[in-house]
Amino acid sequence: MTEKTVLAIQNLTVALPAWADRPIAVDNLTLHLNKNEVLCVVGESGSGKSVMARSIMGLLAAPHVRITGGEILFEEENLLKVDAERMRAIRGNGIGMIFQEPMTALNPVMTIGRQIEELLEVHLRLTPAERKQRVIALMNEVRLPDPERIYRAYPHQLSGGQRQRAMIVMALLLEPSILIADEPTTALDVTTQAQILALIKELQRKRETGVLFITHDFGVVAEIADRVAVMKHGVLVEVGPAEKILAAPEHPYTRSLIAAVPGLTPPRRAPRAAAPVVLQVDDVTKSYQSPSYGFLRRKTAAARPALSNAAVTVHKGEIVGLIGESGSGKSTLARCITRLIDADSGRIALNGTDIGALSRKALRPYRRQVQMIFQDPFASLNPRQTVARQIAQGPITQGMPAAEALKEVSRLLELVRLDPSAADRFPHEFSGGQRQRIGIARALAMNPTLLVADEPVSALDVSVQEKILDLLLDIRDRLGVAMLFVTHDLRVAAQICDRMLVMYQGEIVEQGDTQTVFADPRHSYTQSLLAAVPGRKWGATRQA
Amino acid sequence: MRLLPSATAFRFIGRRLLNAVPVLLGIAVLNFLLMQLAPGDAVSVLAGESGGAPPEYIEQLRRQYGLDQPILVQLALYMKNLLSFNLGHSFRHGMPVLDLILDRMGPTLLLMGSAFFFSLLSGVLLGVTAAVAVNTWRDRAISVLSVITYATPLFWMGLMLILLFSVRLEWFPTSGMEDVVAFYEGWDRVRDIARHLVLPMVTLSLFYMAVYARMMRASMLEQRDMDYVLTARAKGLTERKITYRHVLRNALLPVVTMAGVQVGALLGGSVVIESVFAWPGLGQLAFQSLFARDFNLLLGIFFLSACMVIVVNLVVDLIYMALDPRMKIG
Amino acid sequence: MSSTFWKRFARNRLALGGLVFLVVLAVVVLLAPVLYPGDPFRIVAQPFLPPFGDYLLGTDSLGRDIAAGIVHGGRTSLLIGIAATSAALLIGTLLGALAGFYRGRVDSLLMRFTEFFQTIPTFLFAIVLVAIMSPSLASVTIAIVVISWPPIVRLVRAEFISLCEREFVQASIVLGMSDREIIFRQVLPNAFSPIIVAGSLMVATAILTEAALAFLGLGDPNAISWGYMIGSGRSFLRDAWWLCAIPGVMILLTVLSINFVGEGLNDALNPRLRHS
């Protein structure tokens with residue numbers, strides 16, 4: 001153990017309880033963290049990276065998840081051997097921690113100031129005035145606006161980025177030698193993510209902290225890491241300097257992971273021949289009324305519409321991206337087009353018919369033409385029906401005899417590259433990627449002319465994501481179906497979209513060929529969005 | 001606990017009171033409809049009992065009480081009376097219903113109020129104790145206790161407690177609110193009433209205590225798995241502090257909501273308990289009016305009880321607001 | 001599915017015990033006309049005979065056979081409990097499904113209606129209803145239904161709201177299914193577990209309410225019930241405590257068993273909860 005090592009994990013093994021999907025979360029892992037460095041631990045879901053991070057702080061869900069072997073040396077002291085009191089003295093003081101979801105990581109009924117001050121109460125003897133002064137000082141340093149107000153605020157009164165900044169204040173207030181950050185930017189929008197990443201890096205350099213940064217995103221790694229450790233199924237497969245791992249990974253798993261990260265440069269596309277228009281949206285506006293159950297309904301001031309004057313054209317065989325951050329109105333537009341919600345005004349013409357104006361009943365025959373693929377593969381299938389039943393459901397509803405519809409199922413399963421034996425099983429027997437394929441098959445069963453895909457790969461691991469994108473492109477080529485692809489991920493958009501529309505605060509602020517938009521963004525928002533993509537420099541250099 | 005800025009609090013109370021208006025109206029209409037459904041109008045019951053009153057006299061009584069008017073006029077009349085707190089006349093007692101009710105309100109409020117606080121306090125305490133010592137003998141003992149009290153009929157529990165503590169052990173009196181022939185005054189009277197109160201209060205509390213204990217335990221265990229507990233632990237707080245400073249307050253929220261919902265049920269329970277312990281409250285009055293077929297009185301009690309529940313619910317909402325800053329106001 | 005369900009259910013010993021008790025009770029109650037033929041209100045011997053003499057459970061203050069009363073009274077309790085619960089479940093599920101599926105104005109109207117019924121002191125309302133309709137099996141059942149459906153509406157509504165946010169429901173809409181198909185084929189089957197659990201616990205509450213009404217003298221005068229037996233025995237608590245104790249214990253055991261079965265169902269239907 002060298003002088004600059006602040007944390008050394010040796011042969012750590014963590015066992016999971018009998019009912020878990022795997023027996024061991026962390027398998028004989030050896031890893032160290034140096035002073036003044038950011039070590040990124042990368043892995044897909046189930047790699048054990050979070051369990052490893054939590055075992056350092058003694059935060060595993062005892063007694064089910066338990067450490068069965070190894071040691072964790074923090075400044076020469078084995079954390080697995082220290083008593084509870086010593087461990088508490090180290091928590092918050094020697095090691096700080098921030099979590100993925102700052103909303104749930106903060107106590108909802110306690111003010112931000114109070115929650116941060118608790119840390120000082122536990123570890124130092126200060127007067128209330130001194131405590132507050134220290135908290136406010138660091139709040140200023142992390143650039144929280146109006147610290148006095150935030151000090152008195154409750155978590156729900158802050159934005160996601162502000163909450164995460166407050167968590168960072170809490171974690172770094174006592175200047176710990178280690179900061180453990182467990183996916184701290186995953187729940188944030190890309191522009192906020194860029195700011196938080198820069199902040200963590202800045203504070204880390206200033207304080208020479210050792211940061212253990214858990215992430216699944218190689219873009220984030222490229223942005224912040226000094227060294228990288230890659231984990232798979234609880235095993236450390238590769239560790240080394242960031243430049244080396246990102247440029248020339250040795251282990252095949254690392255290589256496949258990096259290869260699966262979509263590049264930021266859109267591939268060159270052959271110009272498409274003029275094709276008939278499938279979808280023509282004009283001037284669609286939608287605002288949400290805040291639901292009120294009060295007896296005396298107050299006239300609320302008209303809120304900014306979730307969607308204003310949106311216009312979209314999609315041609316046969318074309319993939320059009322709807323790009324934006326949360327609250328941009330992209331999902332609202334997608335849902336208006338599929339008539340899951342009704343637009344306030346405007347025209348939605350599908351193959352020439354204005355479906356926006358049809359009653360729900362009159363709409364039913366037209367449902368066949370536009371189908372949807374959803375984000376969450378675990379929520380998008382009915383847990384109580386067999387796969388065959390769900391895929392055949394649509395055609396049956398449209399009047400096809402059940403026997404005929406069920407016969408079609410195996411053809412559809414093959415189309416989405418699933419084994420036909422899947423037909424008689426229930427959704428819980430499948431992985432996330434497989435379920436997403438089932439969802440696609442269900443949509444394709446209707447022979448739609450337009451597919452609306454709402455963040456279809458956001459919930460998937462990067463390797464699975466690549467395969468699903470591949471499948472969608474293949475389906476487009478084979479069936480000539482048009483696609484409206486909603487995503488917040490510019491990397492995904494670069495790979496799959498022919499054209500893209502950038503949305504911001506309910507408005508389409510820019511549109512054009514994907515290549516043109518990426519190469520020469522016109523609107524300032526598009527520019528800031530592109531600038532915020534983590535690992536964009538790495539993305540530019542690594543294109544093969 | 002956060003103190004509310006008074007202006008917001010007043011606005012909230014005002015809005016809630018306004019929201020209560022349609023509910024009260026609804027209850028009034030319901031009350032009126034129930035009265036119409038009741039077999040025979042009050043006059044015929046009265047006349048029937050006085051034994052063959054002359055029909056002219058009955059007609060005169062009907063006119064006097066407006067019972068010969070069309071039904072909507074009667075409803076309007078009824079509403080007008082309600083607005084001036086006129087709940088009608090109890091023919092049986094020969095007194096205005098409101099006077100009778102106000103007379104009996106005190107004992108019921110005493111019984112209900114003490115049972116409300118006793119059950120909530122002991123339920124929360126037991127729930128916390130069980131959750132802190134989850135899966136130990138203490139947890140199990142509390143579970144068994146609450147499961148059994150949860151399944152016991154209130155009135156039977158009362159009878160069995162009387163059998164044990166009054167008849168066999170002679171610790172507490174069997175019935176009534178005070179020893180009327182002893183003519184106690186001052187503190188002696190308070191002590192006497194307290195002695196009479198113990199058994200009915202405990203009986204009424206046991207069921208709700210079980211409800212709150214189970215809920216509090218479950219709520220504590222649920223909150224204990226939340227992320228903010230992990231944050232608190234990562235700050236270096238002791239488990240004790242985490243439990244009492246972070247988990248407890250969050251866990252209390254659903255229990256407070258539940259307590260608000262239960263107030264109406266508590267009132268129903270007190271009808272039975274008052275009958276078991278001969279407690280001279282509204283429940284007893286309702287019980288008597290039931291068998292005297294004094295529907296005016298019964299429905300008056302019903303109406304005022306509903307009003308009481310609305311008021312208590314408002315208080316509970318205010319408490320909830322003070323506990324949970326996320327509650328949106330206005 | 002069903003075999004794992006039984007395995008999970010049977011793992012809960014109390015639930016299994018409760019189920020056995022209820023099955024035995026149901027059989028005895030169904031055989032009441034055979035075991036104790038004739039009117040249970042009939043006077044058979046001298047009053048106040050203690051239990052375990054000529055008559056298994058003794059006689060009451062008028063010389064009626066207590067065992068006959070228990071068996072016939074159990075019939076009343078179970079009948080009312082099950083009938084009232086079924087009706088309340090039906091009403092509550094339907095209204096809750098409509099409110100949770102359609103939201104908006106339908107929801108707000110239905111919820112106002114439900115809240116209104118929840119504000120009214122329930123037991124007092126039941127007393128008023130039975131008094132006005134005059135006591136009978138039907139009026140007691142109706143009164144219990146009227147006071148017990150609101151919580152079901154809230155439960156089903158909450159389930160529907162959370163399920164309707166799940167994307168498979170949106171997928172069903174996009175596939176062009178009718179509302180009726182979506183409500184009854186897609187959503188409702190996924191909401192069955194909590195409804196079944198709530199329903200089983202509600203039988204217990206209904207039995208307790210029926211007993212309390214009968215205790216106050218608001219039971220069907222022609223159908224003996226456990227609550228009535230306790231009520232008529234309370235004056236003799238000092239000298240013949242078993243008049244009250246025996247029917248009370250029967251209520252306790254029945255309600256306890258139902259609660260255990262309810263919890264067993266909950267464990268078996270929501271396996272996630274077991275590990276937390």
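Analyst: Two strands count as paired if DSSP finds at least two bridges between them. This is a predicted model, and in strand β18(A) the bridge partner of Val452(A) is Leu484(A).

User: What makes β17(A) and β18(A) a pair of strands?

Analyst: Strand β17 (residues 450-454) of chain A and β18(A) are joined over five bridges in the parallel sense; the requirement is at least two bridges, and therefore the two strands are called paired.

User: Which other strand pairs with β18(A), and in what sense?

Analyst: Strand β13 (residues 319-323) of chain A pairs with β18(A), likewise in the parallel sense and over five bridges. Within β18(A), the residue opposite Leu322(A) is Val486(A).

User: Why is the unit of β17(A), helix α17 and β18(A) called right-handed?

Analyst: The name describes the crossover from β17(A) by way of helix α17 (residues 462-479) of chain A to β18(A). With the strands pointing away from the viewer, a right-handed path from the first strand over the helix to the second runs clockwise, and the β-α-β unit here is assigned that hand.

User: How do you know whether β18(A) is mostly covered or exposed?

Analyst: A residue is called buried if 20 or more other C-beta atoms lie within 10 Å of its own. Six of the six residues of β18(A) are buried, and the strand is described as mostly covered. Ala482(A), Leu484(A) and Val486(A) point one way, while Met483(A), Phe485(A) and Thr487(A) point the other way, and all of them are buried.

User: How many residues of chain B and of chain C are in contact with each other, and what is the make-up of the side belonging to chain B?

Analyst: In this contact, 41 residues of chain B meet 32 residues of chain C. On the side of chain B that touches chain C, α10(B) gives the most, with nine residues. By class, that side has 33 nonpolar, seven polar and one charged residues.

User: What does chain C bring to its contact with chain A?

Analyst: Chain C brings 16 residues, and chain A brings 22 residues. On the side of chain C that touches chain A, α8(C) supplies the largest share, six residues. That side has eight nonpolar, six polar and two charged residues.

User: Where in chain A is the confidence lowest, and where is it highest?

Analyst: Chain A averages a pLDDT of 89, and 96% of the residues score at least 70. Among its elements, helix α21 (residues 536-542) of chain A is lowest, at a mean of 69, whereas strand β18 (residues 482-487) of chain A is highest, at 96. Over residues 291-301 of chain A the pLDDT is below 50, and beyond near neighbours in sequence this stretch has nine contacts in the model. Where pLDDT is low, the predicted coordinates should not be read in detail.

Terms used. Residues are numbered from 1 along each chain as its sequence is written. Chains are lettered from A and ligands numbered from 1 in the order in which they are written. This is a predicted model: local features need pLDDT of at least 70, side-chain atom pairs count only at pLDDT 80 or more; totals for chains, interfaces and linings use all residues. Two residues are in contact if their C-beta atoms, placed from the backbone, lie within 7 Å. Helices (H or I, at least four residues) and strands (E, at least two) are DSSP runs, numbered from the N terminus. Ala, Val, Leu, Ile, Met, Phe, Trp, Tyr, Cys and Pro count as nonpolar, Asp, Glu, Lys and Arg as charged, and the others, Gly among them, as polar. pLDDT is the predictor's confidence in each residue, from 0 to 100. A residue is buried if 20 or more other C-beta atoms lie within 10 Å of its own, exposed if 12 or fewer, and partly exposed in between; C-beta atoms are placed from the backbone.
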